[in-house]
Amino acid sequence: MKILLDQGAPAPLVQFFREHEVRTAFQQGWAKLSNGELLRSAEDAGFGLMITTDQNLRYQQNLAERKITIVVLLTTSWPRIRKRVALIQAAIEKSVPGEYLEISFP
């Protein structure tokens, strides 16, 4: 699966998804795109899933017609995320196209 890491998602996550093709928004040249443009560009480029830390995304965008799965990490803290990478991996493996998922980090 092609996975896009949004600007706020920690780049070290790439190393935990080696079985997937993972790119960052920066690598794609999409660092300055608005959320709507970013989602559209990602879908057009064949990305199946986007990982973001933007907790307002679902309020700012109409996600009903989206094909891309959106995984929202409810923290930006890399130390907290690193301890729970298995949660993210499990969410990705169980995700369905167009799904919106939030992952919390106690």
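Predicted model: local features only at pLDDT ≥ 70, side-chain atom pairs only at ≥ 80, totals over all residues.
Show the side chain of Q89 together with the backbone of F16. A polar atom of that side chain lies 3.0 Å from the backbone oxygen of F16.

Next, colour the helix around this residue. Q89 sits in helix α5, which covers residues 85–94. Is Q89 buried, partly exposed or exposed? Its relative accessibility is 27%, so Q89 counts as partly exposed, given that buried means under 20% and exposed over 50%.

Q28 and Q89 are 61 residues apart in sequence, and their C-alpha atoms are 22 Å apart in space.

Zoom out and switch to a cartoon view. The protein chain has five helices and five strands. Followed from the N terminus, the elements come in the order β-β-α-α-β-α-β-α-α-β. The radius of gyration is 12 Å, close to the 13 Å that the globule rule gives for 106 residues, so the chain is as compact as a globular protein of that length. Along the principal axes, the C-alpha atoms fill a box of roughly 30 × 25 × 25 Å.

Of the 106 residues, 42% count as buried.

Last, colour by charge. There are 13 positive and 11 negative side chains in the protein chain. The centres of these two sets lie 8 Å apart.

Definitions and conventions: Residues numbered from 1 in each chain as written. Heavy atoms only, no water. Helix = DSSP H or I, 4+ residues; strand = E, 2+ residues; numbered from the N terminus. Rg over C-alpha atoms; globule rule 2.2 N^0.38 Å. Buried < 20%, exposed > 50% of the residue type's maximum accessible area, 1.4 Å probe, protein only. Lys, Arg positive; Asp, Glu negative; His and termini not counted. Charge placed at Lys NZ, Arg CZ, Asp CG, Glu CD. Polar contact = N/O pair within 3.5 Å; in protein donor to acceptor, adjacent residues only side chain to side chain.
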